[in-house]
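Please read the following account alongside the sequence and the model.

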Amino acid sequence: MIIALMADKGGVGKTTAAHNLGAELCRHGSVLLIDADKQADLTELCGISSEPNIGMDAVLRQVPTPSMAPYIREVSPDLSLLGTHPQMRKADRELAQRTRREYVLEDALRDLVGHYRYVVIDVGHSEMVQLNVMAVASVLVVPTTPAKLDADHIVNMLEEADLMRRDLKMPSLINPGRVAVSVTRRSPNSGIESDGLALIRERFGHVLAPAVVPFTPRVIEASALHMSLRDFRERYGGRRDKTLSAAVDAYASLAHHVMSLAPAMAGVA
Ligand SMILES: Nc1ncnc2c1ncn2[C@@H]1O[C@H](COP(=O)(O)OP(=O)(O)O)[C@@H](O)[C@H]1O
Ligand SMILES: [Mg+2]
């Protein structure tokens, strides 16, 4: 099952969601995280220092397309990462000149079918990369904050994803219900965001992930230690920290929700 996290806006908790969703999914089967955002934040979050030709940046730029297998690093026993480096931005222009430009990621993934139960992709804002991801994705997760303005960004993202799938002559992810909108709070005061959240519930209730991720400063502490929120809670015994536990539970329920959206598959395809 290939899960793409895509947002129209930065700073909405996309990379944090990819990291924690990966950590939750790997309790159910092996996971490959792919950093497909040239900011390389997911790479750093996993504790791997971003260097040129580390992963996605090399895979997208080589002709012919190589397998991604030699670039994959182990983060923990059931969690691996294909990292990236900011030079990935050069791939946009180069890909535009190539044949099969939309299928580079698909080609690079081909010999990994069966190796991973879940592939989680943190997708940046490059249209060319988004198109490559849409060519392989089985589920789309759209992270957002509970702000009124963000509701419009969700619509744009869903429309763009649908257009890309149409261009690729692939079935929509929206109509068969393979989309989850995942909300992350940006304020410790839940009252401040209640109007935005109500609006998002009204407009996207049918595709909303079951739990809202609360704001918690533990996210920043866990990130600095390259740990998922669950591992951070286990290591530092924060079970009495109710907000931290609510955030762990929210990502766990996002993982279960995502698993329920697409039929179970033995491998990547
Ligand atoms: N639940 C949360 N509580 C507090 N801070 C958060 C939470 N989720 C994300 N953040 C912080 O918000 C910032 C943006 O999140 P990030 O996942 O990097 O967003 P994006 O990938 O969409 O740019 C980061 O500094 C991250 O640590
Ligand atoms: Mg990010």
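Cys 46 is buried, its relative accessible area being 8%, where buried means under 20% relative accessible area, partly exposed is the range in between, and exposed is over 50% (1.4 Å probe, protein chains only). Cys 26 also counts as buried, at 17% relative accessibility. Cys 46 is in no disulfide, and the nearest cysteine sulfur, that of Cys 26, is 11 Å away; a disulfide is a pair of cysteine sulfur atoms within 2.5 Å. A search of the whole structure finds zero disulfides.

This is a predicted model, in which local features need pLDDT of at least 70 and side-chain atom pairs count only at pLDDT 80 or more, while totals for chains, interfaces and linings use all residues. Residues are numbered from 1 along each chain as its sequence is written, chains are lettered from A and ligands numbered from 1 in the order in which they are written, and side-chain values use heavy atoms, with hydrogens and water left out.

Two packed helices are described by the angle between their axes and the distance between the axes. For helix α10 (residues 229–236) and helix α11 (residues 242–261), the axes come within 9 Å and cross at roughly 140 degrees. Helices here are DSSP runs (H or I, at least four residues), numbered from the N terminus. Axes are lines fitted to C-alpha atoms, for helices over the stretch in contact, and angles run from 0 to 180 degrees between N-to-C directions. The angle therefore makes α10 oblique to α11, since under 35 degrees counts as roughly parallel, over 145 as roughly antiparallel, 65 to 115 as roughly perpendicular and the rest as oblique. On the α10 side, the contact (heavy atoms within 4.5 Å) is made by Leu 229, Arg 230, Phe 232 and Arg 233.

Note on methods. Helix = DSSP H or I, 4+ residues; strand = E, 2+ residues; numbered from the N terminus.
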